[in-house]
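Please read it alongside the sequence and the model.

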Amino acid sequence: AGASEVGREFAAEVAEVIFTTAASIEKAKSFYDDVKGRMAKYGRPPEHLKIMPGFNPIVGRTEAEAEEKHQYLQSLIHPDVGLELLSAALGGFDLTPYPLDGPLPDVPEHNGSKTHFKQVMDMSRVEGLTIRQIYMRYAGARGNRTVKGTPQQIADQMEEWYRKECVDGFLIQPPYLPLALDEFVATVIPELQRRGLFRREYEGRTLRENLGLPRPESRYSLAQRSRLRQAV
C-alpha cells in the first residue's frame with residue numbers, strides 16, 4: 001500500500017503487488033502509468049509489479065436488486081461507526097462537535113495515509129458533500145470503489161479497467177461474508193471466464209505463480225555464490 005511520492009518510488013523499486021484505492025478510471029490510469037513508468041530505472045519490467053485496487057461488488061440478478069441491496073447495507077452504517085472511520089482517515093481528527101449534515105471543517109494534514117486523506121478532502125472540497133454523505137460513501141467500502149449491478153455489468157467495468165491498462169487485477173472486498181463472496185464467485189467469475197479474463201485452472205501452487213510473478217533469487221544464495229567465486 002502507498003500512493004504518496006515516497007510510496008510510489010519504493011513500490012517501483014521493490015514491490016510485487018500494490019493494494020491501492022482508485023475512485024475513478026482516470027485516477028487509476030494516472031497512478032498505474034506513473035508507478036509502472038518508474039520501474040525501468042531499477043531494471044524492472046512493468047509486468048513484475050501487479051497493481052490491484054480494492055473492489056467492493058454488490059451483485060444483483062437485476063440492476064434494481066443490486067441497488068436495493070446497496071441501500072439496505074448503507075442503512076446499517078451507524079453514525080458513530082461512520083464518524084469513527086472517517087476520523088481515522090483524517091488522522092484522528094475529532095468530528096463529533098460538527099453537525100453531520102454540515103460541511104467538513106478544515107482539517108490539517110497528518111502523517112497517516114495520504115491517499116485516504118486526499119480522497120476524503122476531495123469529497124468535501126470538489127464534490128461539496130456533507131460529513132454524513134462522506135462517511136456513508138467512505139464507510140461502506142473503507143474508501144474503496146463500490147460497484148453495483150448484474151454480473152454482466154460488474155464484469156463490464158472490471159474488463160474496461162483491465163483492457164485500458166488501469167489495473168492488473170482487483171482485490172475483491174465483499175460487503176458481507178460469506179454470502180456476498182459466494183454470489184460473486186458463482187455469478188461474476190463465470191462471466192469473466194467466458195470473456196477469457198479469469199483462469200479456469202490455477203497456473204501454479206503459490207500466489208506468486210498464480211499472479212504471473214517471477215520468483216526472485218535468494219539474496220543469500222547470491223551472496224554465497226559471490227563468496228565462492230572470490231575464494232576460487
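Read along the sequence, the pattern is α-β-α-β-α-α-α-α-β-α-β-α-α-α. That makes 10 helices and four strands. Both are DSSP runs numbered from the N terminus: helices are H or I with at least four residues, strands are E with at least two. This is a predicted model, in which local features need pLDDT of at least 70 and side-chain atom pairs count only at pLDDT 80 or more, while totals for chains, interfaces and linings use all residues. Residues are numbered from 1 along each chain as its sequence is written, and side-chain values use heavy atoms, with hydrogens and water left out.

The C-alpha trace spans about 75 × 45 × 30 Å along its principal axes. Of the 232 residues, 40% are buried. Buried means under 20% relative accessible area, exposed means over 50%, and partly exposed lies in between (1.4 Å probe, protein chains only). Contact means heavy atoms within 4.5 Å. Among contacts with a separation of 6 or more, 70% join residues 24 or more positions apart.

**Cores**

A nonpolar core is a set of buried Ala, Val, Leu, Ile, Met, Phe, Trp, Tyr and Cys residues joined through side-chain atoms within 4.5 Å. The largest one has 20 residues. L86, L90, L104 and V120 have the most contacts inside it. Helices α4 (79-89), α5 (114-125) and α6 (131-141) are the elements that give two or more residues to this core. The top contributor is α6, with five residues. L90 touches L95, L104, V107, H110, F117, V120 and M121, leaving aside residues up to four places away in sequence. A second, separate core has 17 residues, including A22, C166, V167 and I189.

**Helix packing**

Helix α1 (residues 5-14) has G7, R8, E9, A11 and A12 as its buried residues. They pack against β1 and α2 (25-37). P151 lies in helix α7. P151 counts as buried, at 12% relative accessibility. Its contacts, not counting residues up to four places away in sequence, are V59, G60, T187, V188 and E191. P151 and A12 are 139 residues apart in sequence and 34 Å apart in space, C-alpha to C-alpha.

**Rings**

The structure holds two aromatic pairs. Rings of Phe, Tyr and Trp (its six-membered ring) pair if their centres lie within 6.5 Å; planes under 30 degrees apart count as stacked, over 60 as edge-to-face and the rest as tilted.

| Pair | Centre to centre | Angle between planes | Class |
|---|---|---|---|
| F55 and F170 | 4.9 Å | 55° | tilted |
| F93 and Y98 | 6.2 Å | 25° | stacked |

What does the pair of F55 and F170 tie together? F55 lies in strand β2 (residues 50-59) and F170 in the loop between α7 (151-163) and β4 (171-172), so the pair links parts that are 115 residues apart in sequence. F55 is buried at 1% relative accessibility. F170 is buried too, with a relative accessible area of 13%. In the other pair, Y98 is partly exposed at 32% relative accessibility.

One charge also meets a ring. The charged end of R199 sits over the ring of F198, 5.5 Å from its centre. Here that requires NZ of Lys or CZ of Arg within 6 Å of the ring centre and within 35 degrees of the ring normal.

**Pocket and cavity**

Rolling a probe the size of a water molecule over the atoms shows where empty space is left. The search runs on a 1 Å grid over the protein atoms alone. A cavity is a set of points where a 1.4 Å probe fits but cannot get out. A pocket is an open set with protein on both sides within 12 Å along at least five of seven lines. Lining residues have an atom within 4 Å of a point. Grid points are joined across faces, edges and corners, and a volume is the space filled by probe spheres set on the points.

The largest pocket has a volume of about 1,000 Å³. Its lining has 31 residues, of which M52, D168, G169, F170 and F198 lie nearest its centre. At least two lining residues come from each of β1 (17-20), β2, α7, β4, α8 (179-194) and α9 (207-210). Helix α8 gives the most, with five residues.

There is one cavity of 30 Å³ or more. The largest cavity is lined by P57, I58, V59, K69, P175, Y176, A180 and E183. Strand β2 gives the most to this lining, with three residues.
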